[in-house]
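User: I am new to this structure and would like to learn how to read its features one at a time. Could you take me through a few of them?

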Amino acid sequence: MLQDSWIFWSVLAAIMQSIRTAGQKYLSETVSPLGATLVRYLFAAPFALLYVLWLLINRASTLPEPNCTFLLAGIAASILQIFATVLLVRLLTLRNFAVGSCYIRTEVLATALLGLLLFGELVSSLGWFAMLGCVSGLLIITIAKTGRVKELWNTAALYGLAAGLALALTALLIRQASLSFGIEDAIFTAALTLVYMVLIQTIICLSFLLVRNASEMKVIFRQWRAGLFVGTTSLIGSIGWFTAFTLERAAYVRTVGQLEFLVTLGISILFFKEVPSRLELIGMLILVIGVVVLLISP
């Protein structure tokens, strides 16, 4: 069934993340990186709760009891995701955003390596080849956009690497938290993990913002339409990621999720009439081949 396909949830998440990122870029022009990060969780929290309640209505059993793995992994993943989101929003304001966003994609390899070292998640030889192909394609696209290889290392690159590492750990911890219930209902356990993390993240970000710059809350609520857009698209994307992580190894999910990069490029081509260069097209082709190879790997 479609809802049991990790590929479906991964593609949904990738598409929604690219749309949400565009919304956060708009918000970053009027609010701080912390404020834009808070918006992602604050406006998503009510809908996340409604989502879990809706799933409960359609279930015969009650809520499972939380365990230590779920509680600790959820807290750690929440903090790491906040850190990565703040870095991403900060990255959106830098001139070399394209370079930094490319380095974020190294999370694919970081997720696979950390998954193997920390949780024993094995990846086939063909899977490693596919992931290396995807990252290579992304690097080629970045070189084509910047025009110079030396531009591949700067402040934006540092932000991108840090965000990629944080996202890799976040993905692995989300998977552990969701699987800790031992229930064969990926959609439900992913939803429980999601609402737990969103509530924690809302409390953390709100507390920090009230201490550092409480007046910014007025700006956030004045931008409620944009905030609602970011919150809802973020929630739908998170539902996709969390469910996919529960169904399949995080490294594989993240690799398919790199299709987000193609969605972003497609938006630039269709709406901003940007014509991709030959090198960019080669990078896109390598990226697509990498994803296809991953899908046929064991």
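This is a predicted model: local features need pLDDT of at least 70, side-chain atom pairs count only at pLDDT 80 or more; totals for chains, interfaces and linings use all residues.

User: Let us begin with burial: is Gln81 buried or exposed?

Analyst: A residue is called buried when its relative accessible area is under 20%. Gln81 counts as buried because its relative accessibility is 9%, and this residue is found in helix H4, which covers residues 68-92.

User: Which residues does Gln81 touch, apart from those up to four places away in sequence?

Analyst: With those sequence neighbours left out, Gln81 touches Arg40, Tyr41, Thr170, Met197 and Gln201.

User: How should I read a charged residue that is buried, and which side chain of opposite charge is nearest to Glu216?

Analyst: One looks for a salt bridge, which requires a side-chain nitrogen of Lys or Arg within 4 Å of a carboxyl oxygen of Asp or Glu. Glu216, which lies in helix H10 (residues 216-222), is buried yet has no salt bridge, and the nearest side chain of opposite charge, that of Arg212, is 8.0 Å away. A polar atom of the Glu216 side chain does, however, lie 2.6 Å from the backbone nitrogen of Ser32. Leaving aside residues up to four places away in sequence, Glu216 touches Val31, Ser32, Gly35 and Leu209.

User: Now for the surface: which residues form the nonpolar patch?

Analyst: The nonpolar patch on the surface is formed by Ile7, Val11, Ile15, Leu126, Phe129, Val288, Val292, Leu295 and Ile296, which together have about 730 Å² of accessible area. At least two of its residues come from each of helix H1 (6-27), helix H7 (125-146) and helix H14 (278-296), and H14 gives the largest share, with four residues.

User: Why does Ile296 count as exposed?

Analyst: The word exposed is used for a relative accessible area over 50%. Ile296, a residue of helix H14, counts as exposed because its relative accessibility is 64%.

User: Finally, where does Pro66 lie, and how far apart in space are Pro66 and Ser180?

Analyst: Separation along the chain and separation in space are read as two separate values. Pro66 lies in the loop between helix H3 (45-57) and H4, and with a relative accessible area of 52% this proline is exposed. Although Pro66 and Ser180 are 114 residues apart in sequence, they are 8.8 Å apart in space, taken from C-alpha to C-alpha. Not counting residues up to four places away in sequence, Pro66 touches Leu71 and Phe181.

Methods
Residues are numbered from 1 along each chain as its sequence is written. Side-chain values use heavy atoms; hydrogens and water are left out. Buried means under 20% relative accessible area, exposed over 50%, partly exposed in between (1.4 Å probe, protein chains only). Contact means heavy atoms within 4.5 Å. Patches are made of residues with over 30% relative accessible area and no salt bridge: like charges are joined within 9 Å, nonpolar side chains (Val, Leu, Ile, Met, Phe, Trp, Tyr) within 5 Å. Accessible areas come from the Shrake-Rupley method with a 1.4 Å probe; for residues, only the protein chains shown count as cover. Lys and Arg count as positive and Asp and Glu as negative; His and the chain ends are not counted. A polar contact is a pair of N or O atoms within 3.5 Å; within protein, one must be able to donate a hydrogen and the other to accept it, and residues adjacent in sequence count only if both atoms are side-chain atoms.
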